[in-house]
Protein chains: 2
Amino acid sequence: MAAPYERIALIGLGLIAGSMSLALRRAGYEGEITGHARSAETREIAREIGLVDRVCDSAAEAARDADLVVLCVPVGAMGSVAREIAAVLKPGATVSDVGSVKAAVFEAVAPHLPENVHFVPAHPMAGTEHSGPRSGFAELFDNRWCLIVPTEGTEAQAVERVAAFWRMLGANTEVMEVEHHDLLCAIVSHIPHLIAYTMVGVADDFRRVSEQEVIKFSAAGFRDFTRIAASDPTMWRDVFLNNKEATLEILGRFTEELFALQRAIRTGDGEQLFDYFSHTRSIRRGIIEAGQDTDAPDFGRVKPK
Amino acid sequence: MAAPYERIALIGLGLIAGSMSLALRRAGYEGEITGHARSAETREIAREIGLVDRVCDSAAEAARDADLVVLCVPVGAMGSVAREIAAVLKPGATVSDVGSVKAAVFEAVAPHLPENVHFVPAHPMAGTEHSGPRSGFAELFDNRWCLIVPTEGTEAQAVERVAAFWRMLGANTEVMEVEHHDLLCAIVSHIPHLIAYTMVGVADDFRRVSEQEVIKFSAAGFRDFTRIAASDPTMWRDVFLNNKEATLEILGRFTEELFALQRAIRTGDGEQLFDYFSHTRSIRRGIIEAGQDTDAPDFGRVKPK
């Protein structure tokens with residue numbers, strides 16, 4: 001496949017950057033992939049397993065001469081990385097990122113970048129509960145969405161090149177405005193994660209049943225929650241600190257709705273519960289039809305041995 | 001495998017009963033399996049696909065001469081089924097059920113049963129978001145827990161036979177007291193389901209993003225929620241109506257905890273968020289070590305095509 005960029009730098013070498021490098025190679029990418037991680041241990045592992053072509057000891061060294069620089073660090077670290085690499089950026093290069101929130105990233109990164117580079121934020125909606133340089137795999141982005149979130153005035157060609165890059169990694173792409181992105185992601189991702197974290201914490205805290213018991217008998221419902229709640233703590237802390245307005249708004253709606261169901265339980269209003277549960281079931285059907293999940297009767301999941 | 005019962009009746013022919021019948025056959029069970037469903041359509045489908053050996057037009061007909069009668073109907077229907085079959089039960093027979101709550105089932109069923117039968121409630125902790133006579137599969141209970149919840153005074157031999165029956169279907173078994181069962185299940189299953197239902201409802205209700213968009217971009221977090229929220233509405237209505245005390249107690253703790261995280265977001269307390277998320281991640285590790293889920297990096301899930 002024709003490479004949209006001759007040299008690519010990945011700053012941060014965790015799950016997302018690792019998967020990007022592996023997916024680039026799977027696609028037959030022949031340019032150079034450089035990489036940098038702040039932690040010496042991570043750099044060492046990345047060198048050992050050959051995660052990228054060249055692991056650099058500074059972000060600036062990795063970004064120098066790159067045609068595409070992708071910031072793959074937690075949202076809270078984006079600004080300082082942008083400041084580190086700003087001086088060495090090649091004129092005409094593109095800077096992108098993989099952060100889960102976009103307004104905050106734009107505010108943190110854009111002021112540091114010179115005028116002769118393109119800034120095209122992106123958000124691949126894919127992940128697992130694992131993190132670190134050994135956690136990546138080439139298939140992570142296959143058939144997942146990568147949202148491209150440019151700001152006004154960005155050259156259309158630069159935007160299209162970033163989209164083509166993500167399609168090369170296996171993703172579907174869609175261009176979206178920044179505020180809309182942050183609200184949508186609060187609904188479909190950020191608040192579900194927060195709730196999962198909360199529920200797992202509550203279960204753990206309940207002293208009349210032992211933690212061992214909770215773990216032992218974790219049924220489908222709870223198991224799915226712990227899966228979500230095992231995601232990278234730094235990444236998620238930064239998501240909530242940086243998408244405050246949208247998450248607080250959705251949380252307000254959530255507790256309102258939850259209280260209504262709680263009252264239905266307390267008063268024994270079976271009809272309300274049944275209607276609510278029937279409605280949510282029909283939403284699920286829509287998701288299966290949209291091809292975003294499998295309909296396999298065992299949840300499509302490998303059985304534990 | 002030696003059959004613990006010569007004739008088995010399954011009342012209700014949905015996901016659980018269907019999977020039980022298929023698992024019995026897989027185990028080489030040679031006795032007769034009778035079945036009954038209230039809906040004529042369900043009985044017709046069950047006959048057509050040969051789900052059990054003999055589909056009966058009444059619960060009493062199915063239960064007559066059975067050594068084991070398993071009530072596989074929603075919790076709210078258990079009492080009336082028990083009343084229907086009480087007169088025909090064979091002396092020395094065992095009556096069991098598969099309900100997700102146990103105190104309410106005991107109260108509804110026990111008063112109808114004659115003294116010369118054993119009543120051994122059970123709860124297989126397995127399910128999918130599918131329901132109906134076509135949804136069963138023989139592997140549903142493999143390596144899942146089935147909790148056996150006898151009441152005081154039940155003969156130990158009758159309890160052990162029910163446990164052996166479930167092990168024959170592939171499940172692990174544990175004997176537990178009824179109040180403890182209902183609290184534990186509120187934590188690991190009932191409240192997670194309620195929260196998933198709520199979140200899916202909130203997402204759907206949010207008019208600034210379209211339902212189509214929510215479905216299209218449902219990321220891992222939200223997708224897992226919809227999966228849970230697609231479970232059978234009647235079953236879950238009955239669970240909440242019949243495990244009111246425990247679910248309301250856990251809900252109270254949940255909202256308390258959620259409000260603390262909400263305040264941390266509002267005040268920008270990153271340390272609190274990080275600590276909370278790190279703690280829940282360690283709980284997840286415990287669940288993987290306990291063998292209740294897979295550690296595969298792609299969530300162990302078949303990728304959508």
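First, the conventions. Residues are numbered from 1 along each chain as its sequence is written, and chains are lettered from A and ligands numbered from 1 in the order in which they are written. Since the model is predicted, local features need pLDDT of at least 70 and side-chain atom pairs count only at pLDDT 80 or more, while totals for chains, interfaces and linings use all residues; side-chain values use heavy atoms, with hydrogens and water left out.

Chain A as a whole. Its secondary structure comes to 12 helices and 9 strands; these are DSSP runs numbered from the N terminus, helices being H or I with at least four residues and strands E with at least two. Of the 305 residues in chain A, 61% are buried. Buried means under 20% relative accessible area, exposed means over 50%, and partly exposed is in between, with a 1.4 Å probe and protein chains only. The accessible surface of chain A is about 11,400 Å², and 48% of that belongs to carbon and sulfur atoms. Those areas come from the Shrake-Rupley method with a 1.4 Å probe, and for residues only the protein chains shown count as cover. Among the contacts in chain A with a separation of 6 or more, 73% involve residues 24 or more positions apart. A contact means heavy atoms within 4.5 Å.

Next, one helix. Helix 11 of chain A covers residues 244-267, which is 24 residues. From first C-alpha to last it reaches 34 Å, close to the 34 Å expected at 1.5 Å a residue; the expected span is 1.5 Å times one less than the number of residues. Just after this helix, Gly268(A) takes a positive phi of about 75°.

Strand 7 and strand 8 of chain A run antiparallel and are joined by 3 bridges; two strands pair if DSSP finds at least two bridges between them. In that pairing, His123(A) stands opposite Leu147(A) of strand 8.

What does chain B show? In chain B, 3 strands also form an open sheet in the order 7-8-9, with mixed pairing. Strand 7 (residues 122-124) and strand 8 of chain B pair in the antiparallel sense over 3 bridges, and Pro124(B) has Cys146(B) as its bridge partner. Strand 8 and strand 9 (residues 172-175) of chain B pair in the parallel sense over 4 bridges. Cys146(B) is the bridge partner of Thr173(B) there, and Ile148(B) is that of Val175(B). Helix 6 of chain B lies across strand 7, strand 8 and strand 9, at about 170° to strand 8. Axes here are lines fitted to C-alpha atoms, for helices over the stretch in contact, and angles run from 0 to 180 degrees between N-to-C directions.

Which way do the residues of strand 8 of chain B point? Trp145(B) and Leu147(B) point one way, Cys146(B) and Ile148(B) the other, and all are buried.

Most residues other than glycine have a negative phi. Asn143(A), however, has a positive phi near 65°, and lies in the loop between strand 7 (122-124) and strand 8 (145-148) of chain A. Its relative accessible area is 25%, which makes Asn143(A) partly exposed. In chain B, Asn143(B) has a positive phi of about 65° and sits in the loop between strand 7 and strand 8. At 24% relative accessibility, Asn143(B) is partly exposed.

One last residue. Glu44(A) is in helix 2 (residues 40-48) of chain A and is partly exposed, at 45% relative accessible area. Its C-alpha is 9.7 Å from that of Pro133(A), 89 residues apart along the chain.
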